[in-house]
Amino acid sequence: MSLLKVTDLVVSYGGIEALKGISFEVDQGKIVTLIGANGAGKSTTLRTISGLVAPKSGRIYYEGRDITDFGTQKIVATGIAMVPEGRRVFANLTVLENLRIGAYLRTDKEVIEEDINYVYNLFPRLKERSWQLAGTLSGGEQQMLAVGRAIMTRPKIIMMDEPSLGLAPLVVKDIFKIIQTLKSTGMTVLLIEQNANAALHACDYAYVMETGRITMSGTGEELLASEAIQEAYLGKTNKD
Amino acid sequence: MNQKKSKVPMIVTLFLIAAIYIAVFIAEQTLPSTSMLFTVLKKGAVYALVAVSMNLLNGFTGIFSLGQAGFMLVGAYVYGIFTIPVAQRAAVYQYFDGGIVQFTVPLVVAMILSGLAAAFFAFLIGLPVLRLKSDYLAIATLGFAEIIRAIFQWNGLGPVTNGSNMLRGFPNFNDFNITDGNGNVTVYLSTLIPFIIAGVCILLIVLLINSSYGRALKAIRDDEVAAEAMGINLAHHKRLAFCISSFFAGVGGAMLAMYQTTVQAKSFTSAMTYEILLIVVIGGIGSVTGSVFSSFLFVACSEWWLRFLDEKQLIGDFEVPLLRTGFRMVVFSVIIMIVVLFFRRGIMGDKELPDLLSRRAAKKGRAVK
């Protein structure tokens with residue numbers, strides 16, 4: 001059974017339908033990506049799953065449970081974490097305080113300390129900068145912190161919104177390494193990307209979104225091989 | 001979380017604070033009680049508490065509220081209404097047949113009631129108002145403060161609030177002095193007690209700010225969306241911060257009543273809120289130490305050090321030009337402009353006293369948003 005299942009999700013912002021009925025599934029332990037151009041509805045999808053936006057119709061199931069009307073707090077508590085677009089770390093809090101905010105809903109103090117060490121082992125750079133204000137970190141480090149903060153909620157699935165946005169190509173490589181590391185620890189990742197090439201190489205399964213609909217889906221390799229995808233997203237021109 | 005931080009600055013800070021309290025106590029026993037110093041210290045303590053409570057909202061939670069004077073008014077009135085001795089009520093409430101409240105409660109209970117009443121008003125006001133953001137929230141809270149002021153002056157509520165007449169006769173700071181049988185003061189406590197009340201309240205606020213709850217408030221200030229995505233309930237936290245801030249503003253109002261010895265609704269104007277806002281800005285938005293420090297500085301300047309500007313001054317036979325009633329405020333405004341120009345983030349920025357004493361924090365600047 002899939003960990004996360006979305007069925008016929010419709011979301012409208014004041015009469016304009018951002019999502020026109022999309023359905024997809026995310027399997028346990030897999031990296032699943034949604035790719036698509038600006039305004040395709042990728043971010044809206046994530047925001048709806050995490051309860052920040054209420055859908056007009058459609059259902060969201062997590063471990064078979066209907067979580068559509070749960071509200072953000074409960075959704076975070078059940079194990080869905082979000083790494084928001086643009087990283088959005090708390091700039092005037094230290095790295096350590098940022099991580100503790102991630103554990104805000106948790107009460108298991110000792111395990112929290114273990115998890116902080118776990119995050120520090122995963123990203124030694126953060127440990128070095130533990131007392132630095134998050135706003136003074138570099139873009140890549142902030143992304144690490146945003147991921148670390150999400151891990152602190154003890155999620156089963158991490159949803160990442162455009163983690164490569166605004167980062168240098170070398171740093172983007174690091175980010176995708178982070179995603180692979182997460183997968184190797186058994187984490188499920190739902191990834192949204194405009195960088196279709198990198199995302200398709202990293203993912204196990206991919207969905208292509210266009211103006212509020214899912215138009216294609218398949219494994220990373222399948223989509224990379226597809227001509228339509230190559231033309232639309234990977235910049236290959238058809239010269240024949 | 002503090003394992004890595006050196007404990008030394010913290011200990012030095014505690015010693016400094018203890019030294020200040022001892023100095024206040026000694027000064028009070030030795031200096032004449034009419035000295036201007038004590039007026040400044042008493043009013044400074046009151047303003048320090050209210051400024052810190054405002055900083056909790058504006059500096060730490062990022063809620064720009066201008067309702068402070070309104071909540072102080074509620075606190076001051078509740079304190080007055082419940083502590084005026086029954087024997088004096090006929091004289092105080094002379095137009096309202098002695099009023100309808102015919103009992104008193106102990107002073108500490110009255111102060112807590114003041115806070116609770118202010119917090120209750122904040123809860124009611126917060127329901128609609130906290131949905132607003134930044135400037136709109138400021139305007140709405142300012143409006144509510146004005147409405148509260150009008151309601152408390154309304155004659156229909158006269159039996160309770162004494163209408164637009166003043167409340168007086170309730171215990172004030174001077175009643176804390178210990179006297180012998182002949183009414184001679186043996187131990188002066190009229191400055192130390194307000195210091196202790198304000199100190200305890202500010203300590204509670206500091207503990208709150210440093211708790212995980214305070215961290216959540218700072219997270220909301222930095223980024224509401226990310227805070228919500230971390231599972232922090234925005235509405236709940238904002239409401240609670242608003243109520244707690246108002247609670248302490250209410251207690252501060254009760255202290256102001258004690259300081260002034262009388263209470264009248266018409267003195268709790270928006271100008272009072274601006275004064276407190278000024279103190280918070282000058283001290284540093286997000287610094288408790290800054291708010292406390294600038295409260296005393298502000299009160300000392302406005303009540304004491306600049307007073308000479310309002311009177312004719314003669315140097316030999318030469319009369320210094322420009323000095324006349326009101327000139328003090330001109331100089332005061334210029335000083336404030338200079339502070340704002342050269343200390344953009346206030347005197348303390350967002351640093352606290354222990355930070356100044358440790359080297360690590362000296363390097364820690366506030367990040368640019």
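Student: Which residues of α1(A) are buried?

Tutor: Call a residue buried if 20 or more other C-beta atoms lie within 10 Å of its own, exposed if 12 or fewer do, and partly exposed in between, with C-beta atoms placed from the backbone. On that count α1(A) is mostly covered, since seven of its eight residues are buried. Those are K42(A), T44(A), T45(A), L46(A), R47(A), T48(A) and I49(A).

Student: This is a predicted model, so what pLDDT do side-chain atom pairs need before they count?

Tutor: Quick bookkeeping: residues are numbered from 1 along each chain as its sequence is written, while chains are lettered from A and ligands numbered from 1 in the order in which they are written. pLDDT is the predictor's confidence in each residue, from 0 to 100. In this predicted model, totals for chains, interfaces and linings use all residues, local features need pLDDT of at least 70, and side-chain atom pairs count only at pLDDT 80 or more.

Student: What is the strand order of the open sheet of four strands in chain A?

Tutor: Strands (E, at least two residues) and helices (H or I, at least four) are DSSP runs, numbered from the N terminus. Two strands pair if DSSP finds at least two bridges between them. The pairing in this open sheet is antiparallel, and the order in chain A is β2-β1-β4-β5.

Student: Why do β2 and β5 of chain A each have one side without a neighbour in the sheet?

Tutor: Take β5(A) to begin with: two bridges join it, antiparallel, to β4 (residues 57–62) of chain A, and R65(A) is the bridge partner of Y62(A). One side of β2 (16–26) and of β5 (65–66) in chain A lacks a neighbour because both stand at the edges, each with a single partner strand.

Student: Which strands of the six-stranded open sheet of chain A are the edge strands?

Tutor: That sheet has mixed pairing and runs β6-β7-β8-β3-β9-β10 (chain A). Each edge strand pairs on one side only, and the two are β6 (80–83) and β10 (213–219) of chain A.

Student: Which residue in the turn of the β9(A)–β10(A) hairpin has a positive phi?

Tutor: Six bridges join β9 (residues 205–210) of chain A to β10(A), and the strands run antiparallel. Among the bridge partners, A206(A) goes with G218(A), and Y205(A) with T219(A). Two residues separate the strands of this hairpin, and the one with a positive phi, of about 35 degrees, is T211(A).

Student: At what angle does α7(A) run to β8(A)?

Tutor: Angles run from 0 to 180 degrees between N-to-C directions, and axes are lines fitted to C-alpha atoms, for helices over the stretch in contact. Helix α7 (residues 169–184) of chain A lies across β3, β7 and β8 of chain A, and its angle to β8(A) is about 160 degrees.

Student: What is the handedness of the crossing of α3(A) and α6(A)?

Tutor: Helix α3 (residues 95–102) and helix α6 (residues 139–151), both of chain A, pack at about 35 degrees with axes 7 Å apart. Contact means C-beta atoms, placed from the backbone, within 7 Å, and V95(A), N98(A), L99(A), I101(A) and G102(A) meet L145(A), G148(A), R149(A) and A150(A). A crossing is left-handed if the near helix is turned anticlockwise from the far one by less than a right angle, and right-handed if clockwise. Here the crossing is right-handed.

Student: Which element gives the most to the side of chain B that touches chain A?

Tutor: The contact takes 22 residues from chain B and 26 from chain A. On the chain B side, the elements giving two or more residues are α9 (212–222) and α10 (224–229) of chain B. With six residues, the top contributor is α9(B).

Student: Where in chain B does pLDDT stay under 50?

Tutor: Chain B has a mean pLDDT of 87, with 95% of its residues at 70 or more, and the predictor gives the complex an ipTM of 0.84 and a pTM of 0.87. The stretch under 50 has 14 contacts beyond four places in sequence, and spans residues 361–369 of chain B.

Methods. Two residues are in contact if their C-beta atoms, placed from the backbone, lie within 7 Å.
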